[in-house]
Amino acid sequence: MQRAIKALAPILLGLLIWALPAPQGLTPATWTYFALFAAVVLALVLEPVPPALAGLLGVTVATVLRLVPVTPGKAPSPGDAIKWCLSGFSNGTVWLIFAAFMFALGYEKTGLGKRLGLTLIRRMGRKTLGLGYAVALADLILAPFMPSNTARSGGTIFPIIKNIPPLYGSTPENNPRGLGAYLMWTALATTCVTSSMFLTSLAPNVLAQSLVEKTAHVSLGWNQWFLSVLPVGVILFLATPLLAYVLYPPTQKTSENAPIWAAEELRKLGPLTGREVTMAALAVCALLGWIFLKDFVDATTVALAAICVMCLARVVTWEDVIGYKQAWNVLAWFATLVTLADGLGKTGFLKWFAEAASTHMQGLSPTATLLGLTVLFFVSHYMFASVTAHVAALLPVMLAAAMAVPGLDIATASMVLCATLGIMGIISPYGTGPSPIYFGSGYIKGKEFWVLGAIFGVIYLGVFLLVGFPWILSRA
């Protein structure tokens, strides 16, 4: 009975929205597409079918009905429709997420991940909270130099920490709340915080900087960005592992003998093997490529090259790659979500939504208007499977709305909006690049992920509005 309700709820929601008259300014086709999108999101929450299948169903229905115009004002041809349908599979971030799972596979197959996990436990494993802060600190150290949080957290940190929970008897199938769920959530929540702290810690930050300069003729420098976000960044960074520990507590809180046990296990492992050395060298080369070659080689290209070398060097076999169902499942899931979110922009729904909301704010004071725009900009991220897409689609609209408000300093407004780009990624399982990786690990179940995202989203936004908002205004 419960499964039948879960299956019917998304369908009924979609039909209910579709049956309502299309709001003024939207075509019936656009309204139909939004109804379909809402149904898919509810299916992702309730999971009557696997998330990847829900996304595939949504994209297929939209393609069959030709709801998404590739060329504005022109009905899509069958060829145009299928190109849009498959466009998510050509997205670089989608393949970078896939590559992160392959890196994790390499760490697992060679035993390097177990060795690194044991080393971390030996040094900081007496308390679970200590492990949480160790993971957070690792992300913070890398953040200023890696503009891809998918590469930083998903490609570098996740493959290592994935090996720690099983050492404590915590796996996705058996006792996920023992340690695994806490570590995965802490890693994701932390990278969302560090992604806001530095201009260079998230690629969409740099895109936003460019759009602000073109749209509002305001220049946002590295130091200005860092100092503007610093109070909120410090508070959230220090609080996140503890918040996760309190709000999503692990059942394995202490293990006084863990460091002793880890040292003994490391002794049993013996010296590094040739395959471990090769995997470590590839990981270091990929990390250096992500940091220093970002202006010459795309991060995804670096990752794909590393996978090729992994196979050629027999770190993993091709059979290992094609047999890693978890990675292929996440690839299909996120590719379809990226496509569906792209459809909201192509149909004109997002532009209509932002303009309609900003219109309702007319007559408010400059500060109240900026506050409303900030909350709207943050919450609307539920409709995006990419921070980059969010920036490209909505930031210019929000800046235009801010520029139309008498007495509102556009430089301040620009900084306020841009400062939320990292922390907004926490709200959904597809909100930022690493999200599908940690969701796909299996430790955090679907409903738990959505609830945690909402709770941490409220906390992050609340701290930003109470501390960051007045701080940035005071610096104007």
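Helices here are DSSP runs of at least four residues, numbered from the N terminus. By that count, His-390 lies in helix α19, which covers residues 387-403. The model is predicted.

**Overall build**

The protein has 22 helices and zero strands. Its C-alpha trace spans about 70 × 50 × 50 Å along the principal axes. How does the radius of gyration fit a compact globule of 476 residues? Such a globule would have a value near 23 Å, and the protein has 23 Å, so the two agree.

Of the 476 residues, 53% count as buried. The protein exposes about 19,600 Å². Carbon and sulfur atoms supply 69% of that area.

**His-390 and its surroundings**

Is His-390 buried or exposed? Its relative accessibility is 0%, so His-390 counts as buried. A polar atom of its side chain lies 3.1 Å from the backbone oxygen of Phe-377. Phe-377 is also one of the contacts of His-390 beyond four places in sequence.

Trp-18 sits in helix α1, residues 2-19. Trp-18 also belongs to a nonpolar surface patch of about 540 Å². Leu-8, Ile-11, Leu-12 and Leu-15 make up the rest of that patch.

Leu-42 lies in helix α2, residues 28-46. What does Leu-42 touch, not counting residues up to four places away in sequence? It touches Ala-9, Pro-10 and Leu-13. Leu-42 and Gly-14 are 28 residues apart in sequence, yet their C-alpha atoms are 9.3 Å apart in space. Leu-42 has a relative accessible area of 23%, so it is partly exposed; buried would require under 20%.

**Salt bridges**

Side chains of opposite charge can pair when their charged atoms come close. A search of the whole structure finds seven salt bridges.

| Pair | Distance, N to O | Helix |
|---|---|---|
| Arg-152 and Asp-139 | 3.1 Å | α8 (149-161) and α7 (128-142) |
| Glu-265 and Lys-268 | 3.5 Å | α12 (258-269) |
| Asp-342 and Lys-346 | 3.7 Å | α16 (325-346) |

Take the pair of Arg-152 and Asp-139, whose side chains meet at 3.1 Å. Arg-152 is in helix α8 and Asp-139 in helix α7, so the pair ties together parts that are 13 residues apart in sequence. Arg-152 is buried, with a relative accessible area of 0%. Asp-139 is buried too, at 1%.

Glu-265 and Lys-268 both lie in helix α12, three residues apart, or about one turn of the helix. Which of the two labels, buried or exposed, goes with Glu-265 and which with Lys-268? Glu-265 has 16% relative accessibility, so it counts as buried. Lys-268 has a relative accessible area of 56%, so it is exposed.

Asp-342 and Lys-346 share helix α16. They are four residues apart, so about one helical turn separates them. Asp-342 counts as partly exposed at 29% relative accessibility. Lys-346 counts as partly exposed at 37%.

Definitions and conventions. Residues are numbered from 1 along each chain as its sequence is written. This is a predicted model: local features need pLDDT of at least 70, side-chain atom pairs count only at pLDDT 80 or more; totals for chains, interfaces and linings use all residues. Side-chain values use heavy atoms; hydrogens and water are left out. Helices (H or I, at least four residues) and strands (E, at least two) are DSSP runs, numbered from the N terminus. Buried means under 20% relative accessible area, exposed over 50%, partly exposed in between (1.4 Å probe, protein chains only). A polar contact is a pair of N or O atoms within 3.5 Å; within protein, one must be able to donate a hydrogen and the other to accept it, and residues adjacent in sequence count only if both atoms are side-chain atoms. Contact means heavy atoms within 4.5 Å. Patches are made of residues with over 30% relative accessible area and no salt bridge: like charges are joined within 9 Å, nonpolar side chains (Val, Leu, Ile, Met, Phe, Trp, Tyr) within 5 Å. Accessible areas come from the Shrake-Rupley method with a 1.4 Å probe; for residues, only the protein chains shown count as cover. A salt bridge is a side-chain nitrogen of Lys or Arg within 4 Å of a carboxyl oxygen of Asp or Glu. The radius of gyration is taken over C-alpha atoms; the globule rule is 2.2 Å times the number of residues to the power 0.38.
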